[in-house]
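Dear colleague,

I am handing over the structure below, and I would be grateful if you kept it open while reading the notes that follow it.

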Amino acid sequence: EDNNVALLRLIRESRVRIAGAAKRKLEFAAIKKKYVIQSNYGGKTKNSIPEAAAWLYVRVTIPGVGIVVEMRCPPDYPQEYTNVRLMQCVGVMGWTKKELINLENVAKKSQAKTVSEILNIIHEEVQKNQLPVDFAKEE
């Protein structure tokens, strides 16, 4: 009987992970329509902790704004029990450190739970405050 319970738990876990991968694929495909996105599972580096290899690292560039948003997600993302961690915003077109920290703080205070929510909050904050934009695109 213990073997049956273990087998049922294994099947359930497999189904949850497969469903999560499908949801993640759909979310990232929708993001690609608006932003430039890269994602990969972390690798072991000289000073990294072993768990780092399991994290899903996501980097998204917001075109025309010059912001790269770096996030870290658990391998089961986007399951209900997972949280996306905003690691940093990097400005590539004249952003001040203060502006970037403000963007990070706004996103963190929002308690957004998905990659899409974090991106939307940051993009809205940039537009709301008329922060630097790519002048070449305004022609």
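Predicted model: local features only at pLDDT ≥ 70, side-chain atom pairs only at ≥ 80, totals over all residues.

Residues are numbered from 1 along each chain as its sequence is written, and side-chain values use heavy atoms, with hydrogens and water left out.

Helix 2 itself covers residues 97–109, and within it Leu-100, Leu-103, Glu-104 and Ala-107 are buried (under 20% relative accessible area, with exposed meaning over 50% and partly exposed in between, for a 1.4 Å probe and protein chains only). These residues lie on the same side of helix 2, because they cover an arc of only 95° around the axis, taken from the directions from the helix axis to the C-beta atoms. Strand 3, strand 4 and helix 3 (115–128) are among what covers them, where contact means heavy atoms within 4.5 Å. The face turned away from the buried side carries the exposed residues Lys-98 and Lys-109.

In the loop between strand 3 (67–73) and strand 4 (85–91) sits Gln-79, which is buried, with a relative accessible area of 13%. Leaving aside residues up to four places away in sequence, Gln-79 touches Val-16, Ala-19 and Gly-20.

Definitions and conventions
Helix = DSSP H or I, 4+ residues; strand = E, 2+ residues; numbered from the N terminus. Expected span 1.5 Å × (residues − 1).
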